[in-house]
Amino acid sequence: MTRFFRMLAARDARWQRRFDLCSIHRLPVLSLTLRVPYKLRVSSRMRKLGEEFWNKILQLPFPSSTSSRGPLSIYVRYNETEQTDDGFQAFAALLVPVKELKLFSIHVETDFFFGPLIDLDVMEAGVSQERANLGFPPRKCLVCDHDAKECSSRCTHSLEETEEAVRRILAGVRL
Ligand SMILES: [Zn+2]
């Protein structure tokens, strides 16, 4: 199998894993993937950073709207991280309300320096929760401030430009 097909197979397997975890645990499932070009995504440095981002997220206060509650980690009922042919991925089944979890994930993607480098997805009972349903705008591109999906489908930025944007964000890495 070529590298490209191994990457696609890993994505299919990830999608299936999210479904399975939802039905096994009957809880909302939070998943993290890296939003960086393939070559960086499968590197050992990004794997290590992915682990660090995930651990950091689990230590953040939940819900994000109050500061009086414990870290997200106290609600974790299952936790799994793995390096695949599509890069680092992490999943957690959490005993929390799904809407609060989606708001939390948008907060992390938006307000933390490493937010632009990750995708956090929230799924419950096999249904992916959408930002738009909570009134949030689509995610911004890593390089410019436009809608990420538009830049990606139009191939607005070169690979070099995107890698440079990732390097700029990582230059400020402090966890
Ligand atoms: Zn852009």
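Residues are numbered from 1 along each chain as its sequence is written. Because the model is predicted, local features are considered at pLDDT of at least 70 and side-chain atom pairs count only at pLDDT 80 or more, whereas totals for chains, interfaces and linings use all residues.

The secondary structure of the protein comprises six helices and five strands, where helices (H or I, at least four residues) and strands (E, at least two) are DSSP runs numbered from the N terminus. Read from the N terminus, these elements follow the order α-β-α-α-β-β-α-β-β-α-α. The radius of gyration, taken over C-alpha atoms, is 16 Å, which agrees with the value near 16 Å for a compact globule of 175 residues under the rule of 2.2 Å times the number of residues to the power 0.38. Along the principal axes, the C-alpha atoms occupy a box of roughly 40 × 35 × 30 Å. Of the 175 residues, 27% are buried, a residue being buried if 20 or more other C-beta atoms lie within 10 Å of its own, exposed if 12 or fewer, and partly exposed in between, with C-beta atoms placed from the backbone. Among contacts between residues at least 6 apart in sequence, 61% join residues at least 24 apart, two residues being in contact if their C-beta atoms, placed from the backbone, lie within 7 Å.

The five strands form an open sheet in the order β2-β3-β1-β4-β5, with antiparallel pairing; strands are taken to pair if DSSP finds at least two bridges between them. The edges are held by β2 and β5 (127–128), each of which has a single partner strand, so that one side of each lacks a neighbour in the sheet.

Helix α3 (residues 44–59) contains 16 residues and reaches 23 Å from its first C-alpha to its last, close to the expected 22 Å, the expected span being 1.5 Å times one less than the number of residues. Its buried residues are Met46, Leu49, Gly50, Phe53, Trp54 and Ile57. Seen down the axis of α3, these buried residues fall within an arc of 140 degrees and so line one face of the helix, the arc being that of the directions from the helix axis to the C-beta atoms. The elements covering the buried residues of α3 include β1 (29–34), α2 (38–41), β2 (76–84), β3 (87–94), α4 (98–111) and β4 (118–124). On the face turned away from the buried side, α3 carries the exposed residues Ser44, Arg45, Lys48 and Gln59.

Helix α1 (residues 3–25) includes Arg17, which counts as partly exposed because it has 17 C-beta neighbours inside 10 Å. The end C-alpha atoms of α1 are 32 Å apart, in agreement with the 33 Å that its 23 residues should span. Arg26, which follows α1, has a positive phi near 55 degrees.
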